[in-house]
Amino acid sequence: MKAIRPDICVSIGNVDFHAISNLLPKLSLAEIRIDLLNLNRDELKLLFGLHDNLIATYRPKESEFDVMLNLLTDTIGYGAAWVDVDIDTPTEIIREITAIAQAANCKVIISYHNYTETPTYARLKKITENAQTYDVSLVKIACMANSTSDCARVLSLYEENTRIVAFCMGQVGTITRVAAPLLGAPFTYAALPGNQTAPGQLDYIYLESLLDSLKPL
Ligand SMILES: O=C1C[C@@](O)(C(=O)O)C[C@@H](O)[C@@H]1O
């Protein structure tokens with residue numbers, strides 16, 4: 001079976017364990033949104049053992065940072081290839097997760113999300129630089145686009161940065177999800193059909209056909 005292109009990361013939330021285990025063999029890369037799934041430790045262990053290129057993400061509600069730390073530590077032990085940690089997490093927890101991940105050869109993504117707007121270029125640059133002060137494999141910038149100039153501003157981050165995934169959320173921002181891997185991002189996020197984990201995500205099958213025509217592998 002041919003797996004989906006490696007530059008498409010399917011973000012998985014709100015489905016059950018069986019659906020995920022049937023799906024994983026078809027994907028080259030997927031994000032397991034642990035906070036949007038109802039999985040116990042045994043199921044998590046099985047899933048992370050099934051695939052060697054999974055991102056473990058847990059977006060804490062309120063200040064659930066201890067829950068996040070425990071879950072990410074466990075999933076690193078189960079074989080997660082990547083962990084994603086939001087830049088708003090307390091510094092000592094980011095450092096702790098980074099150290100645990102590095103000891104296990106697990107790559108770290110530090111991510112910034114803004115669900116209402118896209119900050120100025122100076123602010124985006126500063127956020128990117130702050131994220132790069134941690135020893136990370138990738139910095140992710142995801143902002144809500146309210147105009148096409150928001151999209152252009154976020155995409156301009158590729159001019160000066162490597163090891164970055166920068167794109168806009170929302171319908172206006174969808175173009176940036178297609179452009180990201182054409183401009184240097186190692187991958188871009190997509191959804192299971194009818195099951196977005198963030199606004200503006202395209203269905204991964206459709207995105208694959210677009211990228212096949214724009215950027216043959
Ligand atoms: O940060 C990201 C990107 C994302 O927010 C998106 O807009 O595709 C989806 C999240 O699940 C993921 O952790």
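This is a predicted model: local features need pLDDT of at least 70, side-chain atom pairs count only at pLDDT 80 or more; totals for chains, interfaces and linings use all residues.
## A parallel pairing in the sheet

Alanine 56 has valine 83 of strand 4 as its bridge partner. The pair belongs to strand 3 (residues 54-57) and strand 4 (residues 82-86), which run parallel and are joined over 3 bridges. Two strands are said to pair if DSSP finds at least two bridges between them. Strands (E, at least two residues) and helices (H or I, at least four residues) are DSSP runs, numbered from the N terminus.

Residues are numbered from 1 along each chain as its sequence is written, and side-chain values use heavy atoms, with hydrogens and water left out.

## The whole sheet and a helix across it

The open sheet contains 8 strands in the order 7-6-5-4-3-2-1-8, with parallel pairing. Strand 7 (164-169) and strand 8 (188-191) are the edge strands, each pairing on one side only. From one strand to the next, the twist averages 25°.

Helix 5 (residues 121-132) lies across strand 5 (107-114), strand 6 (138-144) and strand 7, and runs at about 150° to strand 6. Such angles run from 0 to 180 degrees between N-to-C directions, and the axes are lines fitted to C-alpha atoms, for helices over the stretch in contact; contact means heavy atoms within 4.5 Å.

## The surroundings of the ligand

The ligand is surrounded by 13 residues, and the closest are Glu31, Arg59, His113, Lys140 and Arg177. A residue is counted as near a molecule if one of its heavy atoms lies within 4 Å of it. The shell comprises 4 nonpolar, 4 polar and 5 charged residues. In this division, Ala, Val, Leu, Ile, Met, Phe, Trp, Tyr, Cys and Pro are nonpolar, Asp, Glu, Lys and Arg are charged, and the others, Gly among them, are polar. Strand 2 (30-33) and strand 7 each supply at least two residues of this shell.

Polar contacts are pairs of N or O atoms within 3.5 Å; within protein, one atom must be able to donate a hydrogen and the other to accept it, and residues adjacent in sequence count only if both atoms are side-chain atoms. An N or O atom in the side chain of glutamate 31 is 2.5 Å from an oxygen atom of the ligand. For arginine 177, a polar side-chain atom lies 2.7 Å from a ligand oxygen atom, and for serine 11 the corresponding distance is 3.1 Å. The ligand taken alone exposes 310 Å², of which the protein buries 99%; accessible areas come from the Shrake-Rupley method with a 1.4 Å probe, and for residues only the protein chains shown count as cover.

## Residues in the loops

Asparagine 53 is placed in the loop between helix 2 (41-50) and strand 3. A polar atom of its side chain lies 3.3 Å from the backbone oxygen of serine 28.
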